[in-house]
Amino acid sequence: MRLPLVWLQHLLVAAPAIATLYEVDIPSVGKYVACILLALLYSRLLLPARKLAMLLIPLGMIAFSLLYHEYGGLLYFLQYSLLVSAVLCLNKPVELGVALLLSAVVLNSGADRLPVGTVWTMNIVWLIIALFVAAVFLQKRQAERLENAVEALAGSQEQLEQERARAMEYARKVEDYAQVQERSRIATELHDDLGHRLIRVKMMTEAALQLMERNPAQATGLIEQVRGQLEESMNNMRYTVRKLQPVDSAGARRYALHRLIEDAARDLRIEVDFAVTGNPFPLYPSLEFVLYRNAQEAITNAVRHGGATAVEVGLDFAEDRIAMNISNNGKPPGQLAPGMGIKGMQDRLAVVGGQLRIAMEPRFVLSTIVPYSRTRPAQEKGIMS
């Protein structure tokens, strides 16, 4: 739109000047041509000097008015070229309104010395040009607003992409950190459980060898105990290795709670109840990992330290947080001394801004509470899938 307006601006100077040259008897054609060339140059220089447009446009209106009153003809069209210059150079509606009003005043200055028909023609043409200029100005403002909106959207999209990249990186770090903590826990568990069992088996085997000749019956009893210890150690080793293996199914989620509960009920031979309250919605993988590992740790500790035979897992979805409450029918600890398991659960929650709550009465309950803001539709497949 800008280039056609520039051509119209020059045309409103050149065409009336040529028509006036044929219509009016001009005594000094050279001077007249020089004035017209200066008018064209003046119109051309308004665009680079648009910061001074509010000063240069009124000066040009006065100069073009003097030129018209000196030569007559159709040179009043030069005023209209300045209206086109105004819509090209001015950005504020108030400035354009002042330019239109000033052009009308200058155009009608000395109208009492002009024929009535000429005055009517000048004002009618001015009204048409003014309406055209106002429409172009409104279109220009709308285009600028749309351009600013597009730039703002592009900036927002770029910012969202950066935030998404940061969130993905953060989730990766959280998962890596949690995996490191889990490996440390498993290493401690293997050392404390399997290592101690092997040492005890070794000592019992040596004792059985010494009693073999003197007391065969007692030696046989020790060997049977060794066999039981080895069988229990093998079961624990199988359970640990199974948890370290990846899921074979490509479509299965890595940290689905229902799979954990099924495995715990089968491998630990306990009863596990699972209930979901609230309105479930999808979670980030890092939060799924935290809930999964904390549930795994709580169920394992309930069986190992409390002798539990039944565990209840409750998952409550609220608008601003997710709470996972795990209780059991085992014997509650007399004095709670946070070990590697509790510390690992707290460390995982600290990374995502959550907290671990422990209740002793009437049953031993471990509560994992994670703050979360629901932003995506619930029909997507979430932690329950």
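In strand β5, T368 is the bridge partner of L356. T368 in β5 is also the bridge partner of M324. Before going on, a word on the source: this is a predicted model, in which local features need pLDDT of at least 70 and side-chain atom pairs count only at pLDDT 80 or more, while totals for chains, interfaces and linings use all residues. Residues are numbered from 1 along each chain as its sequence is written, and side-chain values use heavy atoms, with hydrogens and water left out.

Back to the strands. Helices (H or I, at least four residues) and strands (E, at least two) are DSSP runs, numbered from the N terminus. Two strands pair if DSSP finds at least two bridges between them. Strand β4, residues 355-359, pairs with β5 in the antiparallel sense over 5 bridges, and a hairpin of 4 residues joins β4 to β5. Strand β3, residues 321-328, is also antiparallel to β5, over 8 bridges.

Is β5 largely enclosed or open? Strand β5, residues 364-371, is largely enclosed by the rest of the structure, because 7 of its 8 residues are buried. Buried here means under 20% relative accessible area, exposed over 50%, and partly exposed in between, with a 1.4 Å probe and protein chains only.

Next, the cores. A nonpolar core is a set of buried Ala, Val, Leu, Ile, Met, Phe, Trp, Tyr and Cys residues joined through side-chain atoms within 4.5 Å. The largest one has 47 residues, and L75, Y80, L83, L88, M122 and W126 touch the most other members. Elements giving two or more residues to this core are α1 (2-23), α2 (29-46), α3 (53-71), α4 (77-89), α5 (93-107) and α6 (116-214). Apart from it lies another core, of 34 residues, with L287, A295, F317 and L366 among them.

Last, the salt bridges, each a side-chain nitrogen of Lys or Arg within 4 Å of a carboxyl oxygen of Asp or Glu. The structure holds 6. One of them joins the side chains of R166 and E163, at 2.3 Å from N to O. These two are 3 residues apart in helix α6, so about one helical turn separates them. R166 is partly exposed at 46% relative accessible area, and E163 is partly exposed at 38%.

Another is E312 with R363, the closest N and O atoms being 3.5 Å apart. This pair links distant parts of the chain, 51 residues apart: E312 sits in strand β2, residues 310-317, and R363 in the loop between β4 and β5. E312 is partly exposed at 39% relative accessible area, as is R363 at 29% relative accessibility.
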